[in-house]
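Please read them beside the sequence and the coordinates.

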Amino acid sequence: MFALRMIQLIETHAAKLSEELLYRLERSENCRELTRRVPPEELRMRTHEIYRNLSQWLLEKTQAEIEERYVGLGLRRAAQGVPFSELLYAFSMTKECLWEHLEQDALLEDPLELIGNLNLLHAVGRFFDRAAHAAAMGYETARQQHEHVSARAS
């Protein structure tokens, strides 16, 4: 029950979480290029989508589906000229914002409930790690394609 309640809370507060994350990214020294090069509405849509559909990402999506979405994101961010370090920092901030929200709502207070639901907590961390890895793959693919085109032009 706790796990379901936690996911419902996250999805219900997706807009609030997304706005908080955008606020943090816009004010972060570590995301200057990300917030400059990616249109604000695109950032808003992406951050909201992660939080709003978290149960689908955790329970329904396969590794291949995660890779498809986040390799594409890595390719897009590379094409936009976003530094790789800023892409990874944004993933980290997305997860951190989520954890802080759960702590504020006292859902991570009771150690017995927490221990009983470590599988869910592990799944959340695993999702963000897999998404970041897939985005890195897309970013590297874009870089290799660019280097290949540059080598041909020489």
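How many helices and how many strands does the chain have?

1. Overall fold. The chain has nine helices and zero strands, where helices (H or I, at least four residues) and strands (E, at least two) are DSSP runs numbered from the N terminus. This is a predicted model, in which local features need pLDDT of at least 70 and side-chain atom pairs count only at pLDDT 80 or more, while totals for chains, interfaces and linings use all residues. Residues are numbered from 1 along each chain as its sequence is written, and side-chain values use heavy atoms, with hydrogens and water left out.

2. Of the 154 residues in the chain, 42% are buried, buried being under 20% relative accessible area, exposed over 50% and partly exposed in between (1.4 Å probe, protein chains only). Among contacts (heavy atoms within 4.5 Å) between residues at least 6 apart in sequence, 84% join residues at least 24 apart.

3. Leaving aside neighbours within four places in sequence, Tyr-51 is in contact with residues including Ile-10, Glu-11 and Leu-98.

4. Glu-11, in helix α1 (residues 2-12), deserves a look: Glu-11 is buried yet has no salt bridge, and the nearest side chain of opposite charge, Arg-52, is 4.2 Å away. Here Lys and Arg count as positive and Asp and Glu as negative, with His and the chain ends not counted, and a salt bridge is a side-chain nitrogen of Lys or Arg within 4 Å of a carboxyl oxygen of Asp or Glu. The side chain of Glu-11 does approach that of Ser-55 at 2.7 Å, in a polar contact (a pair of N or O atoms within 3.5 Å; within protein, one must be able to donate a hydrogen and the other to accept it, and residues adjacent in sequence count only if both atoms are side-chain atoms).

5. Charged pairs. The structure holds 14 salt bridges. One of them joins Arg-44 to Glu-19, with the closest N and O atoms 2.8 Å apart; Arg-44 lies in helix α4 and Glu-19 in helix α2, so the pair ties together parts that are 25 residues apart in sequence. Glu-20, Arg-24, Glu-96 and Glu-100 are linked in a network of salt bridges.
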